[in-house]
Amino acid sequence: MEISQRLRIVGDFVTQKTVADIGTDHAYVPIYLHKKGNIEKVIACDINEKPLQKAQQNIKLHHAENKIITRLGNGLQPLQPYEVDSIVISGMGGMLMIELMEQSLNIIKTIKELILCPHLDVTAVRKYLHNIGYIITDEKMIQECGNFYTILRAIPGKQKYDKEIEYIFGRVLLEKKDAVLKEYIINEKIRLKKIEQHLHDKRTKQSQKRLQQIEEYKKAIEEAEKWLYCVEKL
């Protein structure tokens, strides 16, 4: 079975033996975990019937019926408290991810780890994890098919970052002086320059407000670069 680098890393971040994969689609992550051989049970959940039917076909194809079960439902709602120790959520925007977790805090409060790969709003996800009592223990950033993705692992505990850039770019990635994060920042600077050029031509109140926001973001990028390229952590 072919699996993307992103989903493979998501699977590799899992450390527990009982797992729920939310928005499983075709059950690629559950099957990958099954093939690794270190799980006892995976609950593959999806809100749509057709992807879940395809997931069931894939599960049978890989002889994983004894380890992977499917459930139809929205977000974490198909789960019961203490039913699994690890929850995987990937393939959706960060705000939707937060919404699904907020709807099922009774489940979130009973697990040992969260593995998340938000496609957007990673900053908001980091802040939310801290707000609900989770520590971010690991992060990895990758570039795949022209897009940048961040995979996070979090466990219950108390943690707050001191600086906003730690939420924007990830303390773990900054401390690692992550090579892909460096590439991401280069791309962001190019993107911002193009936006600035476009906004300068407009000269509206809204464009001026957006330019101010960009200036603040550029300051955060400069601070992140100092962290990434200096020998000692600031």
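Strands first: I count two as paired if DSSP finds at least two bridges between them, and both helices (H or I, at least four residues) and strands (E, at least two) are DSSP runs numbered from the N terminus. This is a predicted model, where local features need pLDDT of at least 70, side-chain atom pairs count only at pLDDT 80 or more, and totals for chains, interfaces and linings use all residues. Residues are numbered from 1 along each chain as its sequence is written, and side-chain values use heavy atoms, with hydrogens and water left out.

**Hairpin.** I looked up strand 6 (residues 134-144) and strand 7 (residues 147-156): they run antiparallel, joined by ten bridges. Glutamine 143 has phenylalanine 148 in strand 7 as its bridge partner. Two residues separate the strands of this hairpin, and cysteine 145 in the turn has a positive phi of about 55°.

**Helix pair.** Next I checked helix 4 (residues 94-103) against helix 6 (residues 122-131): they pack at about 25°, axes 8 Å apart (axes are lines fitted to C-alpha atoms over the stretch in contact, and angles run from 0 to 180 degrees between N-to-C directions). So helix 4 is roughly parallel to helix 6 (angles under 35 degrees). Contact (heavy atoms within 4.5 Å) comes from Gly94, Met95, Ile98, Met101 and Glu102 of helix 4 and Ala124, Val125 and Tyr128 of helix 6.

**Leucine 76.** Not counting residues up to four places away in sequence, I find leucine 76 touching Ile22, Ile87, Ile89, Leu100, Ser104, Ile107 and Ile108.

Methods
Angles under 35 degrees count as roughly parallel, over 145 as roughly antiparallel, 65 to 115 as roughly perpendicular and the rest as oblique.
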